[in-house]
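Open the model in your viewer and keep the selection panel at hand.

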Amino acid sequence: MPFTPVVISLPIADRRASFEFYRHALGLDPIGEPAEDGVPEPLQFMLGQGVRLMLVPAGGFGWVIGGRQVAQPGHSECVVRLNAGTAAAVDTLIKQARQAGAGIVTEPAQQPWGYAGAFSDPDGHVWMVTSEPPPS
């Protein structure tokens, strides 16, 4: 696997559910060969050039972060932002996420920084989808 300078790691409860969600909600292709359960181990997706998403079972995630508590669902410690490029693309991505079972955090709407909406994945991680900011 090629070197990737940025890897965003998030704790998950269910490998299969997260695998299916990210494939359908964001249209991501997994990286790596499937394990016995049919899901790649480690479970990773390429987000863009030089950026990967790694989904780690919560028990292992707690070990990685030195025994600190993993945030409970509904408690967010970060927001992952995706730039979809256009308002229509934001609407499409939020719709796909909703159809894949996402919780809608904020419906897409015009904001001071651009058009944006946000959803949560099956583990409660928040993803904000934005368009390019309006011209100044």
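In what order do the four strands of the open sheet lie? They run β1-β4-β3-β2, and the pairing is mixed. Strands here are DSSP runs of E with at least two residues, helices are runs of H or I with at least four, and both are numbered from the N terminus. Two strands pair if DSSP finds at least two bridges between them.

Before you go on: this is a predicted model, where local features need pLDDT of at least 70, side-chain atom pairs count only at pLDDT 80 or more, and totals for chains, interfaces and linings use all residues. Residues are numbered from 1 along each chain as its sequence is written, and side-chain values use heavy atoms, with hydrogens and water left out.

Now select 43-48 and 51-57. These are β3 and β4, antiparallel to each other over five bridges. Pick Phe45 and look across to β4: its bridge partner there is Leu53.

**Ser18**

Go to helix α1, residues 15-25, and select Ser18. Is Ser18 buried or exposed? Ser18 counts as buried because its relative accessible area is 1%. The cut-offs are under 20% for buried and over 50% for exposed, with partly exposed in between (1.4 Å probe, protein chains only). Next, show what surrounds Ser18. Beyond its neighbours within four places in sequence, Ser18 is in contact (heavy atoms within 4.5 Å) with Ile12, Leu43, Leu55 and Asp123.

**Gly59**

Move to helix α2, residues 58-64, and select Gly59. Gly59 has a relative accessible area of 64%, so it counts as exposed. Draw a distance from Gly59 to Pro42. The two are 17 residues apart along the chain, and their C-alpha atoms are separated by 14 Å.

**The whole chain**

Zoom out and colour by secondary structure. The chain has three helices and eight strands. Along the sequence the pattern is β-α-β-β-β-α-β-α-β-β-β. Of the 136 residues, 35% count as buried. Among contacts with a separation of 6 or more, 52% come from residues 24 or more positions apart.
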